[in-house]
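Here is a short briefing for a first look at this structure. Start with the view below, then read on by topic.

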Amino acid sequence: QNNIKKRIGISMPGPFDYDEGICLIEDQDKFRSLFKLNLKKELAARLAMDAADVKFLNDAAAFLKGEVYSGAARNSQNAIGITLGTGLGSAFYREGKALDAALWQSPFKKGIAEDYLSTRWFLKRYHELTGLEVKGVKELNGLQDQEKVVQTIFEEFGNHLAEFLIPIIAQQGVHDVVLGGNIANAHARFMPYLVSKLNNN
């Protein structure tokens, strides 16, 4: 057992120094304690293995790679993967490689894309319309006593996502778009608006 070579691959959202294994995320609570920490060295030391055998990959790129290999974008030659959750993840797949697209920081509307395409936007928008708080998109999706407001929010989100994707699809010549992340679990709420707007373009 002692002569077995250990190797670990970990997918992480950005910003992150994937070669060195250093977390650069400072404005998201669940990653705050990892900021500037060299996870490659820390994991290698705790697991008694070589740091060179700890590899990191952008989470959206890992997601898209899996979808091209055996999922919704199987055998695609030019795809974009979007992970919708705490933040906005994105990756392009071309020439056999999935690479972080870092579209979260793209200028969009009155800010950046992540301002409108993440959990943070849903919570803010719900508060703007109702004056109430909600913990997350899953809870929002299940609110039966606020159905009209909830559906309005998801409609806006679907339209935002389409507006964001349309120029990227055109500029990058994308053939396939794959959505993932926790917000994608509520796809039935926003997908009709997204698809309608994409079809019209």
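Which residues of helix 2 are buried? They are A60, A61, L64 and V68. Buried means under 20% relative accessible area, exposed over 50%, and partly exposed in between, with a 1.4 Å probe and protein chains only. Seen down the axis of helix 2, these residues fall within an arc of 95 degrees, so they line one face of the helix. The arc is that of the directions from the helix axis to the C-beta atoms.

This is a predicted model, in which local features need pLDDT of at least 70, side-chain atom pairs count only at pLDDT 80 or more, and totals for chains, interfaces and linings use all residues. Residues are numbered from 1 along each chain as its sequence is written, and side-chain values use heavy atoms, with hydrogens and water left out.

**The chain overall**

- The chain has seven helices and ten strands. These are DSSP runs (helices H or I, at least four residues; strands E, at least two), numbered from the N terminus.
- The C-alpha atoms fill a box of roughly 60 × 40 × 30 Å, taken along the principal axes.
- The chain has 201 residues, and 40% of them count as buried.
- Take the contacts (heavy atoms within 4.5 Å) between residues at least 6 apart in sequence: 55% join residues at least 24 apart.

**Helix 2**

- Helix 2 covers residues 59-70, twelve in number. Its first and last C-alpha atoms are 17 Å apart, close to the 16 Å expected at 1.5 Å a residue. The expected span is 1.5 Å times one less than the number of residues.
- At the start of helix 2, a side-chain oxygen of N58 comes within 2.9 Å of the backbone nitrogen of A60.
- The cover over the buried residues of helix 2 includes strand 4 (54-58), strand 5 (78-84), strand 6 (88-94), strand 7 (97-100) and strand 10 (176-180).

**Helix 7**

- Helix 7 runs over residues 187-199 and has 13 residues. It reaches 17 Å from its first C-alpha to its last, close to the expected 18 Å.
- The buried residues of helix 7 are R189, F190 and L194. They cover an arc of only 90 degrees around the axis, which puts them on the same side of helix 7.
- The face turned away from that buried side carries the exposed residues A188 and N199.
- Strand 5, helix 5 (137-141), helix 6 (147-172) and strand 10 are among what covers the buried residues of helix 7.

**T83 and G180**

- T83 is found in strand 5. It is buried, with a relative accessible area of 13%.
- Not counting residues up to four places away in sequence, T83 touches A60, F63, L88, G89, S90, G180 and G181.
- G180 lies in strand 10. It is buried, with a relative accessible area of 7%.
- With the sequence limit of up to four places again left out, G180 touches F63, I82, T83 and L84.
- G180 and S90 are 90 residues apart along the chain, and their C-alpha atoms are separated by 9.8 Å.

**The largest pocket**

- About 400 Å³ of space lies in the largest pocket. A pocket is an open set of points on a 1 Å grid over the protein atoms alone, where a 1.4 Å probe fits, with protein on both sides within 12 Å along at least five of seven lines. Grid points are joined across faces, edges and corners, and the volume is the space filled by probe spheres set on the points.
- The largest pocket is lined by 28 residues, and the closest to its centre are P13, D59, G87, L88 and G89. Lining residues have an atom within 4 Å of a point.
- Strand 6 gives the most to this lining, with three residues.

Conventions
A polar contact is a pair of N or O atoms within 3.5 Å; within protein, one must be able to donate a hydrogen and the other to accept it, and residues adjacent in sequence count only if both atoms are side-chain atoms.
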